[in-house]
Amino acid sequence: MRAVDFFLILFLLAAAVSCDSEDRAQATNESSAESEKPKPPAAVPTRNAEIPFAPIGLVDQTLHREPSRDAWQGEVFNDLASAQLKALGKILVHPAKLSLENLQKLIHRDFRPSELRPGGLVVVHQDAAFVVKRPAADQRPRARPFLEGIRQLVTPFAEARELRTEFKIYSVALDAGEPVSNSWFQISGRTPGGTLTMRAKWRCHWNWPSPDEPPTLKAIAISEFEQTESLGGPLLSDVTKTVFRGLPEFPKQFNHGMDYWASRLESRYGIGLSGWHGLAVGDVNGDGLDDLYVCEPGGLPNRLYISRPDGTVIDASALSGTDFRLQTQCALFLDLDNDGDQDLTLATTLGVIFMENDGRGGFVVKGSKLIPEAAPLGLAAADFDLDGDLDLYVGCYSLRRSNEEEGQILGRPIPYHDANNGGRNVLFRNDRSWRFTDATRELGLDQNNRRFTLAASWDDYDDDGDPDLYVANDYGRNNLYRNDRDGNGDSKFVDVAKKAGVEDISAGMSVTWGDADGDGDRDLYVSNMWSSAGNRVAYQRNFQTEAGETAREEFQRHARGNSLFLNKGDGTFADASLTAGVAMGRWAWGSLFADLNNDGRNDLLVANGFITQPDDTGDL
Amino acid sequence: MAQSPLDAVSPIDISGYLQNWSALSAMIGRGRSFSGFERHCCFLNTGPSSGNELGRFADISAASGFDLIDDGRALARVDWDRDGDLDFWLTNRGAPRLRLLKNNLTRSANSSWLTISLQGRTCNRDAIGAVLEFTIAGRKQTRVLRAGEGFQSQSSKRIHFGLGALPRGEKGQLTVHWPGSGIETIRDLLPGNHYHLKQGSPPRPDASSPPDLVAGSFPASAPTEQARVVLTQRVPTPVLGYVDFSGALQKYDPSDTGGRPTLINLWASWCTPCVAELEDFSDHHASLKAKNLRTLALTIEAVSDDGSKPDLGDAKKLVRKSKFPFQVGVTDANGLRLLTVLHSKIFSRERPLPLPTSFLVDKHGQLAVIYRGPVKLAQLLSDLDLLEAAPVVVFKAAFPFPSSDDLDLFPLGELDFARAYQDGGDLEGARRHAHRAIAAEPTNNPVLDDANRARAWYFLGSLEQSTRQWVAAAEAFGKSVEHAPTQPLLKVAHGAVLWQSGAREAARKAFAEAARAKANDINLLNALGKAHLQIEQPGEAVIYLQQAQALAPENLTIALTLALAHEKAGNPSAAVAEYRRRLQSHPDSANIKNNLAYLLATCSDPAVRDPEEALALATQANAAANSSNPGLLDTLATAQAETGALSEALTSLQRAIKLAQETGKTRLAQELRKKRGDYATRQNAP
C-alpha cells in the first residue's frame with residue numbers, strides 16, 4: 001500500500017500558503033495606478049446599522065487548512081518574494097515618483113547593476129495595427145544601477161495613462177546561497193498614440209537571511225524582452241451593450257455570474273460554479289447574417305439571438321422553441337438533414353437533443369440520445385464516412401455523480417496526471433431520417449476512451465481526404481484518432497496520439513486546428529492549465545518523491561501550459577510551444593486560431609481564468 | 001497533485017486523495033478564488049524567423065485589448081459587423097457572462113480581406129470539412145471549415161481570409177476541396193467581398209453594408225446578498241430548539257405544525273432592517289394571521305463567533321417595548337447550524353446567511369421559500385398562496401425567466417438509462433438499469449408502481465428476445481404479465497417467446513388466454529397473427545389475420561401481413577390475389593408493388609412466377625421512391641437477375657449497398673454484398 005498522506009495536494013497547498021498573506025488580494029501581483037481594490041467587508045457580523053445585512057454563516061476550518069510548512073519552504077519564500085515584487089510594481093506605475101527612498105525596502109545594498117530594458121531594440125514586426133520590437137541579436141547588455149535601470153524602463157511610459165504592472169513567479173530555487181526566482185514581468189499603459197507594453201522574464205537573485213523577513217533583490221537578469229505598441233488604441237472593443245440594445249432581459253440574465261445564479265437556483269437543476277457553457281454561431285433564418293445561440297446552466301433558459309442588418313439582435317428564444325431551461329453545455333448549428341437550413345444540436349444533462357429547423361428559424365425536437373454513464377459536454381461534427389451527411393462526436397467529461405457528489409465542481413481523476421476514469425465519449429453516425437446510431441465501438445473509437453474530455457475537433461491532418469479527430473482531455477493524455485477507410489469505404493479509427501507526438505500529457509481544455517506556419521497543412525493548438533503554483537511545486541525536490549522520474553516529469557509537464565504542434569507532413573508533429581512563445585496562456589479554456597490583423601497569418605487567442613472571487617480569501 | 005495515486009490503487013489508498021478533492025470542491029463552493037484574476041492572452045503570429053522556421057509569436061494581450069480579467073470559457077470567430085475583420089463572441093463564468101468583441105482593424109487600416117460561405121451539393125450541405133486554398137499575389141493561404149472547435153464553441157461557417165496590403169485591382173483564386181466530392185477552382189475573386197459559393201455554381205458576392213457598432217459594455221451589477229428563492233423541490237425542515245424571552249425551553253417541530261405554515265425569521269436587535277421587518281410583521285399581523293401563518297422570530301444574538309459572552313440586553317429591550325404579537329425567541333449555535341446546513345445543501349454556491357433571513361415552511365413542515373434579506377409583506381402574502389398551489393404555478397414562480405419547457409417534463413428514469421445502454425450495445429448495462437427500475441422503492445401509488453414494473457419487465461423481455469435468449473425472455477414477459485394481467489398484448493408477446501423456448505403448451509395457453517380476453521379486437525388479432533408468423537405457424541396466422549381483416553377490410557397493414565402469411569403457408573396464389581386487390585385501391589403504393597414483385601420474381605410455383613411483371617412493378621416502385629430505398633432496389637435487382645439481366649442487377653445492387661451503408665443498415669449491406677457475390681459468380685459462369 002502506498003503512503004499517500006505525506007503530501008497535501010498541490011492546490012490546497014498553494015491556497016493555504018497564500019491565504020494568510022494580507023496583501024494577496026489577487027492571484028497575480030498586479031498593480032494599477034488608477035485605483036486600489038477596495039477592501040471587501042469583513043466576514044463576521046459587525047454592530048453597524050449602516051450595513052444592511054452582514055453574513056453570519058459558519059466559518060469552515062477547511063478554509064484555513066495549513067500545509068506542512070517545512071516541506072514547502074519554497075512556497076513560503078515565493079509568498080514573500082511575490083509581495084516584494086508587487087510592491088515594486090506599485091512603485092513602477094508612478095514613474096514620476098521614482099526615488100531611491102521608496103525602493104529601499106526592496107533592494108539589497110549590494111545590488112549588482114542589471115539591465116532592465118535593453119537598448120537597441122529592432123522592429124521585428126510592423127503592420128497597420130501593431131509594432132513589435134525585440135533586442136537585436138548582437139546587442140550587448142548594458143548594466144545599470146537599480147534606480148537608473150528602473151528609470152530607463154519606465155521612461156517611455158511618462159505620458160501613459162492606466163499604467164499596469166504584473167509579476168508572476170513560476171519557479172523558485174532555494175538550493176544556492178542566494179535564492180533565485182523566475183517570473184514573468186509586464187508593464188503596460190495607454191499612450192497618446194495607442195498602447196505600449198513591455199514584457200520580459202525576470203530572473204531575480206535575492207538576499208533572504210531570515211525566513212521571517214522579506215527578501216531583498218540582489219540582481220536581476222532579463223530575457224525574452226519584448227515591446228509591443230498598438231497604433232490608435234486597442235484593436236478590440238466590447239460592443240455587447242450596443243448589440244443587445246432594447247433587450248432588458250439580457251443584462252438581467254447575463255450580467256450576473258455563476259456565483260449569483262448558483263446561490264439562487266437549486267443545484268438539482270445542474271447549476272454549478274464552473275461556467276462551462278458554450279455558444280454557437282450560425283445563420284438560423286437564412287438571411288445571410290450569422291445568429292447566436294447561447295447555452296445556459298440548468299434553471300436559466302438558453303437564448304437564441306437573431307441578428308439584424310444593423311448588428312443588433314432580437315431574442316427569438318421562446319418563439320423558436322429553443323429556450324430550454326435544461327442544463328446545456330454545448331450547441332452546434334448543423335444541417336443534419338441536408339435540406340438547406342441550420343438544425344440545432346444540443347448537449348444537455350438529458351443527453352444530446354436533435355432539433356429540426358423549419359426553414360424560418362423555428363425548431364422542433366426530432367429526437368434525443370441519452371448517454372447513460374455521463375452527461376455530454378462537448379460536440380464536434382464532421383462527415384467522417386464521407387456519405388454526405390454530418391456525424392456527431394460527443395465528448396463526456398466525468399461519470400454521472402452520485403447524489404452525495406452532486407454539486408461538487410471538480411471531477412475525481414485517478415490517477416491525477418493520467419486519469420482514465422472519466423466519461424465514455426460517443427460517436428453518433430447519422431443514418432438519415434433523424435436516426436443516429438452509437439457507432440463508437442464498431443469504429444474503434446473506444447480506445448483510450450475513459451478520459452475527462454473537455455473538447456474535440458475534426459480535421460484531416462494526414463491529408464488523405466477523410467477527417468481525423470483530436471480529443472483534448474483533462475488530467476492526462478489526449479487522443480488523435482486517425483480515420484483509416486478501407487476499400488468499401490468503411491472507417492476504422494486508430495489512436496495515434498503517442499506515435500504522432502501529440503499526446504500532450506496535461507490538463508487539456510480546448511483544441512483548435514489551423515495552419516500556423518503557412519505551409520498548408522493543419523497544425524494543432526491545445527490549451528492547458530499553466531499554473532505558476534504547479535510549476536513551482538512540481539519542480540521542487542520533495543514533490544512526489546515516491547514517484548518514478550517518468551511520473552514526476554508527467555506531473556511537471558502538466559503545469560507547462562498550452563501546446564502548439566506543427567504538422568511535419570509525415571504523420572507526426574513537432575512541439576513548437578516554447579520556441580513560438582505560446583505556452584503561457586495561464587489557466588486556459590477556449591483557444592482559437594484567428595487572423596486578427598488580416599495579414600494572412602493565424603494568430604492565437606486564449607480565454608483563461610478559472611474562478612475569480614471578490615472575497616479576499618486568497619487564490620487557491 | 002502532490003498526493004495523487006500513481007496508478008491503479010485500492011480504495012483505501014485513494015480515500016485521502018478523494019477527501020481532498022471534496023475539500024477543494026467545498027472551498028470553491030464557499031467562494032474561494034482558484035487561478036482567478038487572470039487576463040486573457042493573445043499571441044500575434046509574426047511569421048517565419050530566420051529560414052523557414054516558425055518564429056516567436058508576439059504577446060499582444062494588452063495591445064489588442066483582449067486581456068480582460070474574465071473567467072473566460074467559450075470563444076468563437078465571426079465577422080459580426082461584416083466589415084472584413086474577425087470579431088469574437090466570448091462566454092464567461094462571472095459577470096458579464098457574454099461579450100462581443102469587435103475588431104476595429106478595417107476602421108482605418110489599409111488591409112484587404114475576403115470571406116466566403118459554402119454550400120455543398122454532393123457533399124454534406126454545410127460543406128463541413130471543406131479545405132479552402134486562396135491564392136493572391138503569389139501567396140497561398142489554407143483554411144478549413146469546421147463545426148465545433150476550441151472549448152464548447154462553434155465559429156461562423158463563413159471563412160475569412162486576411163490579405164494584408166494589396167495593390168488595387170489584384171484578383172485571387174480559390175480552390176475548394178469539397179469533402180469527399182472533388183476539387184473546384186474559382187478564379188477572379190475580388191478582395192473586399194463576401195462571397196457565397198454553391199458547389200458547381202459560380203460565386204455570388206453579397207452586397208450589404210456593414211453597420212457601425214458603438215463600443216459599450218454593461219456596467220457590473222452591484223453585488224447583493226438579497227434573494228428570494230422558491231424551491232421546486234421542498235426539503236424537510238429540522239426540529240429547532242430555542243428559548244423564549246421568559247426563559248422557557250421551546251421547540252419548533254415540523255411534524256407538528258397543526259396544519260399551519262410557519263415563517264422562521266432570524267434577526268438581531270442591532271440590525272436595523274431586521275427590526276423594521278419585525279415591526280412590519282407586527283403591524284400587519286392580522287393579514288398574516290388571516291392566511292393562517294405562524295411566525296417564529298429567533299434572534300441570533302446568543303451565538304458568538306469569538307467566544308465572547310452573549311449580551312441579550314438590547315434584544316430583551318426590543319421585545320419588551322414592541323410586544324410582538326408572534327412568537328419570538330433566541331436560537332443557539334446548534335439551531336443556527338441546522339438552518340445554515342439546510343440552506344447550504346440546496347445550492348452549489350454556498351452563501352453565508354445574511355440578517356435578516358427567513359424560511360417559509362409549508363403546513364407539512366417542508367421548506368418552501370427562502371428570503372435572504374428582508375421580505376416585503378405583499379411578497380410574503382402572495383407566497384403563502386404558493387404553498388398549496390399546483391406544481392406548474394410553483395415552477396413559474398421559482399424561475400427568474402420564463403421558458404417554454406417545463407423541467408419536470410423531462411425526468412430521467414432507470415429505464416431511460418437502460419434504453420440508452422441498449423442503444424450503445426451494452427446489454428449488461430441495459431439489464432442492470434432495468435433491474436434497478438424493477439427494484440425501485442414502492443410509492444404511495446400501487447397502480448403506477450405495477451405499471452412501471454410491468455414496463456421494466458417488458459423492456460427486459462424484449463432485450464432478451466433481441467438476443468434470442470428465449471427462456472429469460474419468457475420469464476421476463478411472464479413477470480410483466482403478472483404486473484399487468486389485464487393487458488392481453490403482453491400475453492401474446494409472452495406466448496411467442498414461450499414457444500421459442502420450447503414451452504409450446506404454455507405458449508398455446510397464453511395465446512388462448514389473450515384471445516379470450518377481448519373478443520373482436522383488431523389490434524389483438526393482428527398481434528396474434530404476427531406472433532404466429534414469428535413462430536412460423538403461418539396457418540394459425542392466416543386465421544387470426546383473416547378475423548382481423550373481417551373487422552377492418554380496408555386496413556392495408558393487416559392485408560400485407562395476411563398476404564405474407566398466405567405466402568408462408570404455401571399459398572402464393574392467395575397472396576398474389578391479396579396484393580392485386582390492394583393494388584386496385586392503392587395504385588401508387590410502392591410497398592405493395594415491391595412485395596408483389598418480389599413474390600412474382602422468386603416464387604417456385606410456375607403458375608404464379610412472372611419475372612417480367614415483377615421487373616415492371618419493381619421499376620415502378622423504385623421510380624416512385626426515387627431509387628433511394630435499398631430494399632426496393634434489392635427487389636429490382638432480384639427481378640432483373642430473374643429475367644437474365646445480370647449486369648443491370650449488379651448495378652442496382654451496387655446502389656442498394658451504398659444506400660444501406662450510408663443509412664447505417666450494416667446487416668442489410670452485408671447480405672447485399674453476399675448477393676452481389678452470387679450474381680457475379682452467375683454472370684461469370686458459362
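Figure 1. Take contacts in chain A between residues at least 6 apart in sequence: 58% of them join residues at least 24 apart. Here a contact means C-beta atoms, placed from the backbone, within 7 Å. Because the model is predicted, local features need pLDDT of at least 70 and side-chain atom pairs count only at pLDDT 80 or more, while totals for chains, interfaces and linings use all residues. Residues are numbered from 1 along each chain as its sequence is written, and chains are lettered from A and ligands numbered from 1 in the order in which they are written.

**Figure 2. Where chain B meets chain A.** On chain B, 177 residues are in contact with 198 residues of chain A. Helix α1 (residues 11-29) of chain B supplies the largest share of chain B's side, 16 residues. That side divides into 81 nonpolar, 61 polar and 35 charged residues (nonpolar: Ala, Val, Leu, Ile, Met, Phe, Trp, Tyr, Cys and Pro; charged: Asp, Glu, Lys and Arg; polar: the others, Gly among them).

**Figure 3. Strands paired across the two chains.** Strand β9 (residues 279-282) of chain A and strand β9 (residues 153-154) of chain B run parallel, joined by two bridges; DSSP must find at least two for strands to pair. Look for A:Leu279 opposite B:Ser153.

**Figure 4. Two nonpolar cores.** The largest nonpolar core has 258 residues, and A:Ala381, A:Val394, B:Ala434 and B:Ala597 have the most contacts inside it. Such a core is a set of buried Ala, Val, Leu, Ile, Met, Phe, Trp, Tyr and Cys residues joined through C-beta atoms within 7 Å. Helix α19 (residues 590-602) of chain B gives the most to this core, eight residues. A second, separate core of 39 residues includes B:Leu288 and B:Leu380.

**Figure 5. Helix α20 of chain B and its neighbours.** The 14 residues of helix α20 (residues 611-624) reach 20 Å from first C-alpha to last. Among its buried residues are B:Ala614, B:Leu617, B:Ala618 and B:Ala621. The buried residues of this helix pack against α19 and α21 (630-642) of chain B. Just after the helix, B:Asn626 takes a positive phi of about 60 degrees.

Key. Contact = placed C-beta atoms within 7 Å. Helix = DSSP H or I, 4+ residues; strand = E, 2+ residues; numbered from the N terminus. Buried ≥ 20, exposed ≤ 12 C-beta atoms within 10 Å, placed from the backbone. Expected span 1.5 Å × (residues − 1).
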